[in-house]
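The entries below follow the order of my searches.

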Amino acid sequence: MNHAIPENGSGYALLIDMLKQANISLCSGVTGGGVIHFLKYLAPHAGQPHTHGEGNHGPRFFSLGEYSAGFVPLGSYLATGEIGACVATTGAATKLLACGLSDAKLHDIPAVYLVPISAPACEGLCPLQDTSAHGSNIVAQLRAELPSGVFVLDDPATLGERLAQAREQLAQHKPVALVLVHDALSQPAAAHRPAPRQHEHPLPPVGEFVKAFARHIEGRRVTLLAGEELARCTGAPELTSKLCEQLGAAAVWSINGSNGIARDNAYGYGYIGFGGNDAATQHWQSLGEQDVLLVLGACPDEYTVNLAPYAAGNLFVLTALTDGYGQIDGSFQHRAGETYHQLVAPLEEVLAALVEHFVHQPPRNQRMAPAPASLNQGHRDRPRPGHVDIVQLFEALDQRWPAGTLGFDDVCLSYKDRQYVTQRPNPKARFFSLYRGSAMGNALGLAIGAKVAAPASLVVAFTGDGCFRLFAGNLSEASNLGILLFVLDNGCYGIVEQGLPVIIPDLEEPRYHTHLPSMDFCAMARACGWKSFDLAPDLDNLDHLFAQSRQEPGRSILVRIPVDAQQVVGLNPRARNL
């Protein structure tokens with residue numbers, strides 16, 4: 001029997017067709033009882049052993065532990081905009097996969113999570129990995145997190161309609177969970193034929209928004225906040241530079257929003273919030289009732305604005321999301337003062353309209369001085385002997401990234417310190433952090449997704465010795481992808497260790513509970529087929545590491561970096577909220 005193609009007209013055929021229509025080329029996860037009838041239709045990914053005679057169309061399957069697999073679709077989307085899928089076996093594995101689902105929701109990333117459930121006919125019979133209401137009640141758990149994004153494929157008559165609804169959710173930048181019921185999917189199912197649309201959506205009033213903005217800025221300071229959505233707009237760095245130059249407007253940015261800013265933007269004041277730069281922090285804290293703030297891709301999360309409302313009295317928000325994370329009833333007005341304007345439209349289109357408007361009608365706002373050359377003023381202590389200076393490390397790496405580099409910061413010191421040290425985004429490298437969920441150990445899955453989607457790019461990931469423990473068992477699967485993984489080894493949970501003296505000043509150190517037993521990261525990596533190196537404290541072998549990466553582009557490399565948790569570099573404003 002040919003298992004490469006599902007039986008024509010079956011539910012599985014509709015499901016595979018839906019994945020193809022969404023341009024999904026990769027599905028990661030683990031096979032097992034609940035998904036074997038689905039996965040038999042997927043050819044293995046090129047990095048996995050092939051079986052003779054399997055098809056080569058539609059998504060391919062990359063075998064990977066569910067925890068890391070849940071982050072693979074996010075890595076591919078951030079790298080290329082390509083939607084990805086992942087799959088878990090029945091039962092508790094869904095919870096492992098769903099750690100990535102949480103970050104997909106919190107960062108407005110479309111992704112497909114395929115999860116099976118126990119056969120409905122077995123309900124009440126205590127089946128293995130019972131997912132019914134008598135067991136894990138997994139559908140209710142998923143719906144609690146994705147109220148509109150869970151589609152149970154249990155009825156051939158409605159299967160096509162539910163898959164179409166899932167496609168609509170993906171188009172709104174939302175993840176979906178497709179719940180697989182084999183008995184229904186194996187039967188003939190009718191494709192969904194949507195009714196013709198009677199009315200087209202009206203065009204967004206871009207011109208009105210531009211004119212209102214031009215009126216409100218007269219005589220006032222203007223600040224641009226580059227939010228996360230802006231990172232997905234390829235023309236944003238050039239457009240934001242032009243707008244800042246026209247207005248003399250200070251630009252500040254979130255961790256991921258930095259990808260929408262050019263390094264040579266003369267008015268770039270730096271990162272705000274977690275790991276924020278001194279110049280950006282001082283400017284952000286100076287905003288008041290008379291200021292105008294233009295938010296490009298709203299980013300009202302704790303690591304960016306620290307739970308506070310936008311302080312500027314005149315707020316203009318541009319977003320392409322009608323129901324994004326942080327919105328209430330489709331709006332961010334609950335975070336604003338009296339004057340609030342919001343436009344839902346493609347960000348690049350509106351930025352281009354603003355630039356064009358001010359070409360013909362020069363603005364009459366109060367101009368800011370260009371940003372200082374260095375965005376930091378505070379002194380940072382050096383580490384103790386035998387450790388790498390994290391300031392020197394990130395400065396050196398910033399000079400060495402080749403064009404097209406894609407980077408990810410795990411939940412470790414790098415996701416606070418890298419942006420403080422580098423100050424401005426690198427034109428050769430785009431870096432991302434899934435900090436809203438802050439699930440430790442996300443780096444490997446993100447890196448795999450990015451490397452498979454963009455094989456020509458150097459894909460790098462920074463992780464900590466604590467984060468490493470969550471994905472170490474999956475290193476072998478990534479050994480031949482050419483990933484560059486840096487492990488910051490400080491023998492503790494560094495973010496917590498640095499925060500506790502602020503959160504609980506009189507706490508005795510033994511009660512920090514942050515200590516981590518040492519492990520030989522390099523030996524573990526070599527045992528899994530990776531090359532590995534210890535970075536010298538003086539960075540003497542850093543160029544050699546990059547040379548090795550170029551010489552064997554298909555071989556993954558782990559680099560252990562001995563760092564000192566007592567060297568505090570980037571600041572953590574959230575510590576005062578705990």
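Before sorting any lining by class, I noted that Ala, Val, Leu, Ile, Met, Phe, Trp, Tyr, Cys and Pro count as nonpolar, Asp, Glu, Lys and Arg as charged, and the others, Gly among them, as polar.

I also noted that this is a predicted model, in which local features need pLDDT of at least 70 and side-chain atom pairs count only at pLDDT 80 or more, while totals for chains, interfaces and linings use all residues. Residues are numbered from 1 along each chain as its sequence is written, and side-chain values use heavy atoms, with hydrogens and water left out.

Entry on cavities. I searched the whole structure and found four cavities of 30 Å³ or more. A cavity here is a set of points, on a 1 Å grid over the protein atoms alone, where a 1.4 Å probe fits but cannot get out, and lining residues have an atom within 4 Å of a point; grid points are joined across faces, edges and corners, and a volume is the space filled by probe spheres set on the points.

Entry on the largest cavity. I read its volume as about 140 Å³, and I found 16 residues in its lining, of which Asp398, Arg418, Thr422, Asn426 and Phe431 lie nearest its centre. Helix H14 (390-398), helix H15 (414-422) and strand S14 (429-432) are the elements that give two or more residues to this lining, and H14 gives the most, with three; helices (H or I, at least four residues) and strands (E, at least two) are DSSP runs numbered from the N terminus. By class, I listed eight nonpolar, four polar and four charged residues.

Entry on domains. The chain is divided into domain 1 (11-186), domain 2 (206-360) and domain 3 (390-576), with bounds that come from an automatic or database domain assignment. The lining of the largest cavity draws at least three residues from each of domain 2 and domain 3.

Entry on the interface. I looked up the area that domain 2 and domain 3 bury between them, which is about 2300 Å², 50% of it on carbon and sulfur atoms; buried area is the accessible area (1.4 Å probe) that two parts lose on being put together, summed over both. In domain 2, Arg263, Phe274 and Tyr303 lose the most area to domain 3, together 31% of what that side buries.

Note on methods. 1 Å grid on protein atoms, 1.4 Å probe; cavity = no way out; pocket = protein on both sides within 12 Å on 5 of 7 lines; lining within 4 Å.
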